[in-house]
Amino acid sequence: MASPFAILPPGIPGPPPAPFALHIPEPSLTQLTALVQHGVVATPSYYTTHNSTDGPDFLFGASHSWLSSAQSYWSQDFNWRGHESYWNTIPQYTINVTTSADTFSLHFAALFSQNKEAVPVIFSHGWPSSWMDFIPMLELLKKKYTPETLPYHVVVPSIPDYGLSSRENVMEREIGFLDAAEALNELMKALGFGLLEKGGGGYVAQGGDVGSGITAALGGHFEDCRAVHFNNLLLTPSEKAAVADLPLTEAENVSVTAGEGFLYGASGYMLEQGTKPGTISLVLESNPLAMLAWIGSMYAEGFAYTLDHILQQVSWYWLTKSYGRGLWAYRGAWAAILRDDPRKLPSPLKITNKPLGYSFYPQEVIGAAKSWLEHWFPENLVLFRAHKQGGHFAAVDDPEGFLKDIEDFVAIVKEKIKF
């Protein structure tokens, strides 16, 4: 039975998106299970038995005992088909869009409204997560509204080259944040959410992690994007240094200090993915246990994510064969964040003429303080909200609070802008 939120909005200018239901072929699942069952967990060492996911510091990353336990659960108890069936209760689509340099095949989930006043909002995920981060928020919206009362058209893509989103020239050229943003801007225009000739139209963009960089590009380069909301910012050391003397709250100071620790003690994966993406792709896409150790330990070291949640994300990357092609983001991000070279990373600080909102989470390691935002955006910061709990993956950590921030932000923006 089709979801009532699956009715496409009127005014789609070209071919409509095709409804999509995920079904990974059974041989692919059988192969994954066999590889996990017969995978070899490396011999224990000092680094895999001390101060890792068994201890308080997570200093050395994944531990032998954590990976061994996860291997057993993944091969015996993890229910991919159950998750797949649940995800398919959410309307999903695919559509082809053409940019100035490529043709993209984009996968996205959506809740479409039948409310004529609905505001389009696009949410961009990061790495090593996926569009599934926003499922708790989508469920809250489904419970709170009917298609007739939903105040938003909610669009949640697999960002370009991630998951089921790919493109014609994926083997020939590397993309960057601006390319990805252009593709998502074309997606929103293809759904009828571009600017209107008679005035109005456009959409709101939200993002964190890689999605933060994409949202910065959308807000800074595309007029169809009318407002932006972030839950973290990708900033260069120089950009941070310029506001280092501004006051911080106690929670902000904890976050900034954690960010410094992350930069110097936990960003090795960023350097590897940014400088040697070919090597790490071949390693991880040859062995699902290696991929689990690499991706899974990043979740295990952070907020309280269940093993089942971690395996959903790792299985998604493995089964969609998208880990390697999604590393374009780190080609730009590592240079900006670790080498202070901003040429491949669109700066959010250039967005000074559009409403901007920010949600601060205390366990975030690439967060921004209120004083910084007021310094950078004195005229257009319309919402800042500090939360008491939550971290890098805000939509997962605090779906209720995250959604409230988005709803309040859109309400403020609607008072300023005609859609």
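Helices here are DSSP runs of H or I with at least four residues, and strands are runs of E with at least two, numbered from the N terminus. The model is predicted: local features need pLDDT of at least 70, side-chain atom pairs count only at pLDDT 80 or more, and totals for chains, interfaces and linings use all residues. Residues are numbered from 1 along each chain as its sequence is written, and side-chain values use heavy atoms, with hydrogens and water left out.

Helix α14 (residues 328–339) contains Tyr330. An unreviewed UniProt entry gives the feature "active site" at Tyr330, Asp209 and His392; such annotations may be inferred rather than shown by experiment. Of these residues, Asp209 and His392 are included in the lining of the largest cavity. A cavity is a set of points on a 1 Å grid over the protein atoms alone where a 1.4 Å probe fits but cannot get out, and its lining residues have an atom within 4 Å of a point. Tyr330 counts as buried because its relative accessibility is 4%; buried means under 20% relative accessible area, exposed over 50%, and partly exposed in between (1.4 Å probe, protein chains only).

The whole structure holds 14 salt bridges, each defined as a side-chain nitrogen of Lys or Arg within 4 Å of a carboxyl oxygen of Asp or Glu. One of them joins Glu84 to Arg81, at 2.6 Å from N to O. Both residues belong to helix α4 (residues 80–87), 3 residues apart, about one turn of the helix. An α-helix has 3.6 residues a turn, so residues three or four places apart point the same way. Glu84 is buried at 3% relative accessible area, whereas Arg81 is partly exposed at 25%. Another salt bridge links Arg343 and Asp341, with 2.7 Å between the closest N and O atoms. Here Arg343 is exposed at 74% and Asp341 is buried at 17%.

Helix α17 (residues 399–416) has 18 residues and reaches 26 Å from its first C-alpha to its last, close to the 26 Å expected at 1.5 Å a residue; the expected span is 1.5 Å times one less than the number of residues. Its buried residues include Phe402, Leu403, Ile406, Phe409 and Val410. Within α17, Asp408 and Lys404 lie 4 residues apart, and their side chains meet in a salt bridge (2.7 Å, N to O). Both partners are partly exposed, Asp408 at 23% and Lys404 at 48%. Elsewhere, salt bridges with shared partners join Asp102, Asp161, Arg167, Arg173 and Asp179 into one network.

How values were computed: 1 Å grid on protein atoms, 1.4 Å probe; cavity = no way out; pocket = protein on both sides within 12 Å on 5 of 7 lines; lining within 4 Å.
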